[in-house]
Amino acid sequence: MTKSKKTESNTALLKYLVKATWVGFAALVIMSFLYVFAVKGDWFGLFGGMPSVKALENPENELASELYSADQVLLGKYYRPNSNRTPAQFRDLSPNLVQALLAIEDIRFEEHSGIDPRAIVRAVVGVLTFNRKGGGSTLSQQLAKNLFNTREEDYDGWLLKRIQSADIKTIIQKSKEWIIAVELEKNFTKEEIMAMYLNTVDFGGNTFGINVASKTFYNTTPDSLEIHEAAVLVGLVQAPSYFNPVRNPENAKRKRNLVLHQMEKFGYITEDALDTLIQLPIEVDYEVQNQNVGLATYFRTVTGNFLRDWAKDNGHDLYGDGLKIYTTIDSRLQEYAEQAVTEQMAALQARFMEHLEGRDPWIDENKQVIPNFLNDRIKSTSLYRQLQQRYQDYPDSVEIALNLKKPMTIFSWEGEIDTVMSSMDSLRYYKHFLRSGFMAMDPHTGHIKAWVGGINHKYFKFDHVKYGKRQPGSTFKPIVYATAIENGYSPCYTLMDAKVTFDIPGDKKWTPENAMGKYTGQQMTIRKAMANSVNSITAKMMEKVGPSEVVKMAERLGIESELQAVPALCLGVNDVSLFELVGAYSTFVNKGTHIAPFFVTRIEDKNGNILQEFPPKTFEAINEETAYIMLHMLKGAMDEEGGSALGLSWEVRDGNEIGAKTGTTQNASDGWFVGITKDLAAGAWVGGDDRSIHFRDWPSGQGSRTARPIWNSFMEKVYQDSETGISKGSFPRPVRRLSVEIDCDQYDDLGEDSDSVEIVLPINDVNPNDIL
């Protein structure tokens with residue numbers, strides 16, 4: 001073959017190869033486009049579905065609903081497992097965070113349109129050479145995976161369900177993520193994509209999104225993250241458990257330093273800064289967000305019950321719609337209330353345990369320990385029911401399981417204790433703890449400002465503000481006297497402190513005793529009688545106004561619990577809640593207009609649109625004169641000798657008008673104190689988990705010694721903080737002149753004159769079983 005022919009042949013071959021290459025390339029491009037369209041359109045159902053255009057334009061994630069105080073403090077959230085996230089905007093992100101993320105995850109983020117060819121080539125070469133130095137996924141692709149999770153079975157088509165090769169499956173799944181990433185880039189700005197990515201990331205421990213992660217690990221917000229903190233959180237994303245700074249601080253430090261090196265490499269920090277930052281230890285301010293920590297734990301639970309019903313009735317998802325719920329709680333007052341309960345109950349518990357001297361606190365009327373008390377109580381627990389179900393054919397095994405010792409963490413006022421106990425041991429231990437409830441409200445608006453339902457929500461779940469109902473004892477007496485005042489009686493009306501006996505059907509009698517079992521035989525005004533909590537005179541007034549009228553008055557004042565129209569009601573024998581009682585007293589401060597206590601003011605959707613507002617429910621319960629005279633009656637607790645409010649501290653009483661009433665039920669099972677000022681109505685309850693659990697002597701368990709210290713401590717803290725807007729002062733005076741005299745000092749006797757030491761009153765139509 002001649003040289004020229006050989007050259008022509010080579011040239012033809014070269015042309016053929018070039019043409020073939022172009023044809024092959026064109027075919028590859030066409031096949032690629034066909035493949036993309038096939039995957040995107042799920043041809044013949046081979047590849048599985050893709051998110052709709054609407055879903056791509058408006059991607060949805062379950063968002064936690066947030067509960068806010070009146071002063072805009074986040075109290076807590078409502079969310080499902082794996083859904084604890086609160087969205088952040090790009091403007092909420094620290095530059096340190098943005099730079100750390102770009103340096104370690106996607107440095108060409110601003111340059112590509114969802115797919116980074118260089119990163120893909122690097123990843124492919126890494127797979128082929130078994131030298132994987134990084135993945136090929138961009139932030140947009142990772143967002144696509146986080147938002148739509150196309151690797152779930154719901155997105156599998158006929159082909160994916162039958163292919164055995166994991167690599168081919170991965171290629172198809174990756175293809176879907178590439179397609180979605182490109183679509184996301186079309187619909188959102190780079191800033192929006194970055195914010196969306198950080199909002200959807202799992203940081204481990206039921207912590208989703210950068211807002212929650214910043215709060216959980218550093219007790220801060222995303223815009224306040226320091227460089228080293230941002231590097232820890234960004235590094236945590238790739239393996240939340242392995243790089244967890246709490247459980248694996250050394251791993252977290254290595255990953256953090258890698259992020260910092262990348263930041264230095266790309267010019268985000270200087271070499272000197274790098275040398276300093278990599279030497280810092282791993283330090284976190286870690287607190288997992290749940291219903292047992294933070295402010296207002298009991299309040300959040302009670303509000304959650306209300307919100308679940310509201311969401312169901314109004315077609316919303318409390319745990320996924322990202323609702324914003326605004327409440328009446330003042331975070332400062334709430335904190336003071338919780339501090340007061342903690343401080344006073346810790347001291348009271350120590351006194352209670354010293355008082356018991358090692359004896360069990362569950363005692364009967366004769367102060368004898370109740371036999372089989374724990375065995376009876378354990379049967380009402382869910383654990384007992386579960387064991388019965390499990391060992392229904394082996395009843396002895398239930399008792400064995402209940403007495404089997406096992407490791408557990410228990411509550412104590414000095415802090416949690418790791419120990420070994422059986423379930424029966426645990427029940428015995430916890431039954432020794434006194435419980436408490438406290439509530440404060442603004443009497444002029446009905447806004448509940450503080451709510452403490454118990455001593456520790458983690459270990460004692462039951463709420464003693466709204467759900468717990470106990471006998472109010474003498475704190476019910478103002479309702480009796482309010483009925484009398486409305487019927488024209490003056491605070492100066494006098495009666496003798498003498499034995500009073502009620503005849504009841506069945507030839508039976510009921511004689512209310514005074515607290516210490518004695519009658520003085522002295523004449524005293526009803527104001528002084530209420531201040532000194534004289535049972536005999538309250539009973540006499542009950543006879544004069546009638547039990548049915550007292551029930552009507554209680555209902556007008558907001559008491560919704562069932563009350564029986566019997567004489568013994570005057571001593572508070574029917575159970576009511578602290579919620580009801582504080583609401584009733586608030587009516588006296590608000591000039592007779594009752595405003596039902598409430599705690600939610602409005603609910604918004606995730607975009608800030610108001611879904612519903614909750615106005616106060618008001619009605620005139622009593623007239624202004626009756627209300628003011630009742631304030632004067634309640635002030636007797638401070639003014640009268642032996643008044644129950646004289647034990648309040650000088651810091652609370654000085655320059656202040658206070659109306660108050662203590663209450664102590666039979667055997668001192670319940671101690672109460674309700675106090676009102678010009679700005680607040682508040683009350684405290686203290687008692688055992690069972691009525692049989694109490695101090696062994698009545699004076700030790702009086703409300704003045706158990707509940708009043710909580711109220712006093714709370715008010716001291718409130719008055720020390722001028723920023724709360726709550727101050728000392730006088731109750732507002734009525735505009736019109738009173739129709740009755742309230743200055744009792746100028747009168748010796750405005751009531752009955754009786755030489756009798758015993759008064760017998762016939763009462764008809766009374767069920768003896770209703771009389772205590």
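User: What do "buried" and "exposed" stand for when I look at a residue here?

Analyst: Buried means under 20% relative accessible area, exposed means over 50%, and partly exposed is in between, using a 1.4 Å probe and protein chains only. Take C570: its relative accessible area is 0%, so C570 is buried. Keep in mind that this is a predicted model, where local features need pLDDT of at least 70 and side-chain atom pairs count only at pLDDT 80 or more, while totals for chains, interfaces and linings use all residues. Residues are numbered from 1 along each chain as its sequence is written, and side-chain values use heavy atoms, with hydrogens and water left out.

User: Okay, how many residues of strand β20 are buried?

Analyst: Helices (H or I, at least four residues) and strands (E, at least two) are DSSP runs, numbered from the N terminus. For β20, residues 681-687, seven of its seven residues are buried. One side has A681, G683, W685 and G687, the other has A682, A684 and V686, and both faces are covered.

User: Which strands pair with β20?

Analyst: Two strands pair if DSSP finds at least two bridges between them. β6 (residues 435-441) pairs with β20 in the antiparallel sense over seven bridges, and there M439 has G683 as its bridge partner. β19 (residues 670-676) is also antiparallel to β20, over seven bridges, with V674 opposite G683. A hairpin of four residues joins β19 to β20.

User: And how many disulfides are there?

Analyst: A disulfide is a covalent bond between the sulfur atoms of two cysteines. The cut-off is a pair of cysteine sulfur atoms within 2.5 Å. A search of the whole structure finds one: C492 is joined to C744, S to S 2.1 Å. C492 sits in the loop between α19 (477-486) and β9 (494-496), and C744 in the loop between α27 (708-720) and β21 (758-762), so to speak distant parts of the chain, 252 residues apart. Both cysteines, C492 and C744, are buried.

User: Last one: which residues lie nearest the centre of the second largest pocket?

Analyst: Rolling a probe the size of a water molecule over the atoms shows where empty space is left. On a 1 Å grid over the protein atoms alone, a pocket is an open set of points where a 1.4 Å probe fits, with protein on both sides within 12 Å along at least five of seven lines; lining residues have an atom within 4 Å of a point. Here 43 residues line the second largest pocket, with E513, N514, A515, N535 and W698 nearest its centre. β18 gives the largest share of that lining, four residues.
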